[in-house]
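Q: I have a structure to go through with you. Could we take it piece by piece?
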Amino acid sequence: MFVRQAAAGILRNVRSFRSRSVIAKCRARTSESCSIIPITSEYKSFCQYAFRNWERHYVDPRLWIAIVGQAGRVLLGVHVKLILDNCSSVELSSIVVGINTYPVSAKEVPAEPSSENDIEEANVTGLRRIDDGSVISNIHTSKWRVYTDNGRDLFLQGKLDEAENFFLSALREAKEGFGKRDPHVASACNNLAELYRVRKAFEKAEPLYLEAIEILQESFGPEDIRVGAALHNLGQFYLVQRKLEDAGRCYERALKIKGRVLGHGHADYADTMYHLGTVLYLQGNEKDSVVLIQDSIRILEEGGQGESIMCIKRLRYLAQIYLRSNRPEEAENLQRKILHILELTKGWDSMETVFAAEGLALTLQAVGDLQESQELLERCLNVRKMLLPEDHIQVGGNMLKIARVAMLNINRLRRTNVSDAIAELDKAKDLLGNSIRIAQGVLVKFAKDNRESEDQKDGQAALIILLQSLDALGLLEITRQEVEESPGHPLEAENALRQCISFFKEFGMQKPALDSPQVKTEYLSCLKHLSNLISDSMNDGRDKSKTTTLQELNDEIKRVEAELSPRRKQRNSNF
């Protein structure tokens, strides 16, 4: 971006900026410069202007020319030679380490031009340094820019077929206009590869990623930062496919390059470190994984990014590792830290804060701190009722979580105060009743409106919450009978569990619910609880007429377990 503005500055003014402080800074930054390639003298002002803006806007990714992939890394920088008065020649690389998650646009964002002429002059396109210092600009480079922008816009709109055509055209024009081994071709390869990755056309994407890396290595050398960023992208591509060894090799090499060029305290170095940590965790090396992830978080915090979305994401991932490793106290500490950050930065009028508080509440529930867990969940419910419609599925899910905490409280109270336990039972039943009502309403509306794919997740969530609520209601009725010491078969519990099966057959036999492992897991839980309930009743001699029903239930349990078995193995490997 800033290079285009600088080029516009040449047309307006070729005055030389004589700043000794800039010269001193420029000399200080030449320790790892690449080979010097002469350029013509008219670029002096341009180079000085570019360097001043680079110094001022180094942390602003909008001012960088970049190739950005889904992994959020940059493949291409721009080399310019600076010849500043009596200062020796140096080379400046605009090293881009942004976090954009979309393919590159050839159209940069203007940095507040001072006049209409500035805007017009900033529209210089197809800039590339070549050996004689001239600039390539032709019909092919212009088409490359247009096709890249159109492809980007269509990609963001989800029109992948049309975007593919434009990215293919951009690649063709880049080769025609800049040359087949030019870094612009690497840019076009990367964009097309990202599209194929999103479409899961992995066999088409991989050769493009590799070609981009080869071009960058030829252009800038195997240890250049752009090669490191390209390797990071390739590592992300392999990680998505769970090709962990390939991903690990890419991340390890990228980490070495970034550490050498950017330093071990740089945020982009920390990013690759974090991704390498995730690979190690998936490979079963939890100890080294945790060390890398912790270090990546530390680097962000020391760099003033401790409250960033990126840092919060890594804290959450580390907390999940601790929870899966049965280290709830360490997970609790991280979750408290996350909640504190969000309370300060977002406040309680934010769903992000609600989700963080809810996650902490569930961990507190696991370690037995039911009072604080319930207080957090009730606060979450109040915020949700304020921010969301009263029949929103998240409201129903929140009610279910509070009911579960109340049921855990009942098991404590029944030993000391039966009346309080019964009161807690009534409270939990009201919450479950509302949760069931909301979830059922969402499913009925979903089926009636025949909603499109963007609402399918809400439909799945509603079905899961409905099955969980009915399952919990069945358990609650059994507990009530025990607390009240009522004899006989818990008929209300059986009815709740049968409703669970009935709703699954009504709403869960169609896609995408039919393909959801979590929906089937909740259905399986209901089946097992009903089977146990009927089996206990038959063993007590209360009802011998349900032998056929019990056999049917057990056959269904075996069928669902067989469907879930391979998916559970895959899910465990995908964390």
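Q: Setting aside neighbours within four places in sequence, which residues is leucine 364 in contact with?
A: Leucine 364 is in contact with Glu332, Arg336, Asp369, Glu372, Ser373 and Leu376, where contact means heavy atoms within 4.5 Å. This is a predicted model, in which local features need pLDDT of at least 70 and side-chain atom pairs count only at pLDDT 80 or more, while totals for chains, interfaces and linings use all residues. Residues are numbered from 1 along each chain as its sequence is written, and side-chain values use heavy atoms, with hydrogens and water left out.

Q: Is leucine 364 buried or exposed?
A: Leucine 364 is buried, at a relative accessible area of 0%. Buried means under 20% relative accessible area, exposed means over 50%, and partly exposed lies in between (1.4 Å probe, protein chains only).

Q: Where does leucine 364 sit?
A: Leucine 364 belongs to helix H15. Helices (H or I, at least four residues) and strands (E, at least two) are DSSP runs, numbered from the N terminus.

Q: At what angle do H14 and H15 pack?
A: Helix H14 (residues 328–345) and helix H15 (residues 351–367) pack at about 155°, and their axes are 9 Å apart. H14 is therefore roughly antiparallel to H15. Axes are lines fitted to C-alpha atoms, for helices over the stretch in contact, and angles run from 0 to 180 degrees between N-to-C directions. Angles under 35 degrees count as roughly parallel, over 145 as roughly antiparallel, 65 to 115 as roughly perpendicular and the rest as oblique.

Q: Which residues of H14 and H15 meet?
A: Among them are Ile338, Leu339 and Leu342 in H14, and Ala356, Leu360 and Leu364 in H15. The residues of this contact divide into nine nonpolar, four polar and four charged. Here Ala, Val, Leu, Ile, Met, Phe, Trp, Tyr, Cys and Pro count as nonpolar, Asp, Glu, Lys and Arg as charged, and the others, Gly among them, as polar.

Q: Turning to H7 and H8, how far apart are their axes?
A: The axes of helix H7 (residues 183–198) and helix H8 (residues 202–220) are 8 Å apart, and the packing angle is about 160°. H7 and H8 are therefore roughly antiparallel to each other. Their contact includes Cys189 and Leu192 of H7, and Leu208 and Ile215 of H8. The residues of the contact of H7 with H8 divide into 15 nonpolar, two polar and four charged.

Q: What about phi at asparagine 326?
A: Asparagine 326 has a positive phi of about 60°, although it is not a glycine. Most residues other than glycine have a negative phi. Asparagine 326 lies in the loop between helix H13 (309–324) and H14, and counts as exposed at 66% relative accessibility.

Q: And where is glutamate 485?
A: Glutamate 485 is in the loop between helix H19 (456–483) and helix H20 (491–507). Its phi is near 55°, a positive value in a residue other than glycine. At 70% relative accessibility, glutamate 485 counts as exposed.

Q: To finish, how many helices and strands does the protein have?
A: The protein has 22 helices and two strands. Of its 575 residues, 51% are buried. Among contacts with a separation of 6 or more, 69% are between residues 24 or more positions apart.
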